[in-house]
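User: I have a structure open and would like to go through it piece by piece. Can we start with a residue on the surface?
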Amino acid sequence: MNAAADTLSAIFLIAGALLSLAAGVGLVRFPNVLARMHAATKPQVLGLLLILAGVALRIRSRSDLTMLLLVGLFQLVTAPVAAHMVGRAAYRLKRPSPELIVDELADRAPTTEVDSAGGGGNRRRRRG
């Protein structure tokens, strides 16, 4: 039983580490905010959950399992909220992607245009 649990733990830890590595590479390599946001949420959260599952299979004490469960739940709750806030800020700064196919908020959302230099200096507020 212990050998099977240790093997499964090792598989979970390696898979979680690979997914977290893929998320890190995506954060560096993807071209725009929306693609980076995807890399920062889905593979990172799944990688963390796999790592927590692998650690839970190795530890097996009740108090540590409770802590791991709380870490996983907190990550599941906060990652989508953080991604939503990053996407919202990028949309308001007109930086999500120039190739947006469907822009459902174009008529309703207020935006802030930033000059092409990308700095925060010359901003014009526009009501949409």
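User: Is Leu69 buried or exposed?
Analyst: Leu69 counts as exposed, because its relative accessibility is 53% and the cut-off for exposed is over 50%. Keep in mind that this is a predicted model.

User: Which helix is Leu69 in?
Analyst: Leu69 belongs to helix H3.

User: Which residues of H3 are buried, then?
Analyst: Leu68, Gly72, Gln75, Ala79, Ala83, Gly87, Ala90 and Tyr91.

User: Why would residues a few places apart point the same way?
Analyst: An α-helix has 3.6 residues a turn, so residues three or four places apart point the same way.

User: How many residues does H3 have, and what comes after it?
Analyst: H3 has 31 residues and reaches 45 Å from first C-alpha to last, close to the 45 Å expected. Lys94 follows H3 and has a positive phi, near 60 degrees.

User: Let me back up. What is the pattern of the whole protein along the sequence?
Analyst: The pattern is α-α-α-β-β. That comes to 3 helices and 2 strands.

User: How much of the protein is buried?
Analyst: Of the 128 residues, 23% are buried. The protein exposes about 8900 Å², and carbon and sulfur atoms supply 66% of that area.

User: And what share of the contacts join residues at least 24 apart?
Analyst: 49%, counted among contacts between residues at least 6 apart in sequence.

User: On to H2. How far does it reach?
Analyst: H2 runs over residues 33–59, which is 27 residues, and reaches 38 Å from its first C-alpha to its last.

User: Where is the kink in H2?
Analyst: The kink is centred on Gln44 and comes to about 30 degrees.

User: Which residues of H2 are buried, and what do they pack against?
Analyst: The buried ones are Met37, Ala39, Thr41, Pro43, Val45, Gly47, Leu50, Leu52 and Gly54. They pack against helix H1 (2–29) and helix H3 (62–92).

User: Is Lys42 buried or exposed?
Analyst: Lys42, which is also in helix H2, counts as exposed because its relative accessibility is 54%. The C-alpha of Lys42 is 9.3 Å from that of Leu19, and the two residues are 23 apart along the chain.

User: What about His38?
Analyst: His38 lies in helix H2 and counts as partly exposed, at 40% relative accessibility.

User: What follows H2?
Analyst: Arg60 follows H2, and its phi is positive, near 65 degrees.

User: How many salt bridges does the structure hold?
Analyst: The structure holds 1 salt bridge. Arg58 forms it with Asp6, and the closest N and O atoms are 2.8 Å apart.

User: Why does that pair tie together parts that are 52 residues apart in sequence?
Analyst: Because Arg58 lies in helix H2 and Asp6 in helix H1.

User: Is Asp6 buried or partly exposed?
Analyst: Asp6 counts as partly exposed, since its relative accessibility is 31% and buried means under 20%.

User: Tell me about H1. Which of its residues are buried?
Analyst: Ala5, Ser9, Gly16, Ala23 and Gly26 are the buried residues of H1. What covers them includes H2.

User: How many residues does H1 have?
Analyst: H1 has 28 residues and reaches 40 Å from first C-alpha to last, close to the 40 Å expected.

User: Last one: is Ala4 buried or exposed?
Analyst: Ala4, in helix H1, counts as exposed because its relative accessibility is 51%. Ala4 and Leu57 are 53 residues apart in sequence, and their C-alpha atoms are 10.0 Å apart in space.

Note on methods
Residues numbered from 1 in each chain as written. Predicted model: local features only at pLDDT ≥ 70, side-chain atom pairs only at ≥ 80, totals over all residues. Heavy atoms only, no water. Helix = DSSP H or I, 4+ residues; strand = E, 2+ residues; numbered from the N terminus. Expected span 1.5 Å × (residues − 1). Bend = angle between axes of the 7 residues up to and from the residue. Buried < 20%, exposed > 50% of the residue type's maximum accessible area, 1.4 Å probe, protein only. Contact = heavy atoms within 4.5 Å. Salt bridge = Lys/Arg side-chain N within 4 Å of Asp/Glu carboxyl O. Areas by Shrake-Rupley, 256 points an atom, 1.4 Å probe, with all protein chains shown as cover.
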